[in-house]
Amino acid sequence: MALIKCPECSHEISNKATSCPQCGYPLRNLDDLLHKVLTATVRIESQMDNGKSIGTGFIVGNGNFAATALHVVNGAKEVKAIRYNPPRESRLREPEEIIVDSWTKGTHLIGIKKDATKPAHTNGGILTELPNRGAEALWSLDISILHLKSQFSNTLPLDFDTDFARIGEEVLFVGYPNGGVEFETEHDKCHPAPLTSKAIVAFATRYGMPPVEEYYYWLDHPSFSGNSGGPVIRLKTGKVVGIISATPFMPKKIYTESGHIEVFIPDGYSIAFVTVMLTEFIEAATKSESWKNGLQ
């Protein structure tokens, strides 16, 4: 009987066990988890006035919705979600493309603003769209919910965790960096593929004054352009705990014979917006009738 070590307490257990008898840590079949996550992760293509923007999203709700970062779709004239070859398919299939017919213009905490020396006090909560009057945006969050005109085949939506991941805990994040791995061989054309990265929660931070705060995870692995909007999966539960929002870049000078070039390179971390606070908002957004009127 093959043995593995529990990632929580290092107790040796059978590789067929569903939980650790020592600490109760739930053990998942990593292949099954990766299949679900990769199948539910899509590339988001947004047509802007100045060209095309590429990002990542993932299927949520009843399958007719996807979550992504707001800056991926903000200002877009047209948005579509593309799902490439599912990981367990033995043959190369044509991509599935689905038009996004509406999307939320961010997520807003609303309330009453005080002067700079006092905290802001909310009197409303989280809204997907701001009303014309009666409320003021205190904070805008980098998240958008997309409504798809149809569903992708054989895809299970990802679930959101209702608890925070701990510092030092292992996570996976998936995305299409720089549009994904896209190249041509002599014989076959290879479509973009989502890349999976393993990281730990290096630390968590919050920004703003109570009760209007944003919570972020810093992950000890860099992300790149195109990763924005991708899901961060907590390995302990197999559920989403964050959405990739940004990566810190550090200035660097590369010296050559003719002088130097100033570039920005990832500093080794990724920043993910924590989704545990948004579970009720996302559920409300995916059940809203407003999608019929369009929100873009």
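Let's start at Ile 167. Its relative accessible area is 58%, so Ile 167 is exposed (over 50%; buried is under 20%, partly exposed in between, with a 1.4 Å probe and protein chains only). This is a predicted model, where local features need pLDDT of at least 70, side-chain atom pairs count only at pLDDT 80 or more, and totals for chains, interfaces and linings use all residues. Residues are numbered from 1 along each chain as its sequence is written, and side-chain values use heavy atoms, leaving out hydrogens and water.

Where does Ile 167 sit? In the loop between β11 (144-148) and β12 (170-175). Strands here are DSSP runs of E, at least two residues, numbered from the N terminus.

Ile 167 belongs to a nonpolar surface patch with Phe 203 and Tyr 269. Together they have about 270 Å² of accessible area. Patch residues have over 30% relative accessible area and no salt bridge, and nonpolar side chains are joined within 5 Å. Areas come from the Shrake-Rupley method with a 1.4 Å probe.

Now Phe 203. Its relative accessible area is 33%, so Phe 203 is partly exposed.

On to the rings. There are 4 aromatic pairs (centres within 6.5 Å; planes under 30 degrees apart are stacked, over 60 edge-to-face, the rest tilted). Phe 203 and Trp 218 are stacked, because their centres lie 5.1 Å apart and their planes meet at 20°. Phe 203 is in β15 (residues 195-209) and Trp 218 in β16 (residues 212-219), so the pair ties together parts 15 residues apart in sequence. Next, Tyr 216 and Phe 273. This pair is edge-to-face, 5.8 Å centre to centre, with 80° between the planes. Tyr 216 lies in β16 and Phe 273 in β21 (residues 270-274), so parts 57 residues apart in sequence are tied together. Both Tyr 216 and Phe 273 are buried. Back to the patch: Phe 203 and Tyr 269 also form one aromatic cluster with Trp 218.

Last topic, charges. How many salt bridges are there? The count is 10 (a Lys or Arg side-chain nitrogen within 4 Å of an Asp or Glu carboxyl oxygen). Arg 234 and Asp 161 make one, at 3.2 Å, N to O. Arg 234 is in β17 (residues 231-234) and Asp 161 in the loop between β11 and β12, so this pair ties together parts 73 residues apart in sequence. Both Arg 234 and Asp 161 are buried. Elsewhere, shared partners join Arg 43, Glu 45, Lys 52, Lys 80 and Glu 97 into one network. Within it, Glu 45 bridges to Arg 43, with the closest N and O atoms 2.6 Å apart.

Conventions. Patch = residues over 30% accessible without salt bridge, like charges linked within 9 Å, V, L, I, M, F, W, Y side chains within 5 Å. Helix = DSSP H or I, 4+ residues; strand = E, 2+ residues; numbered from the N terminus. Phe/Tyr/Trp six-rings, centres within 6.5 Å; stacked < 30°, edge-to-face > 60°.
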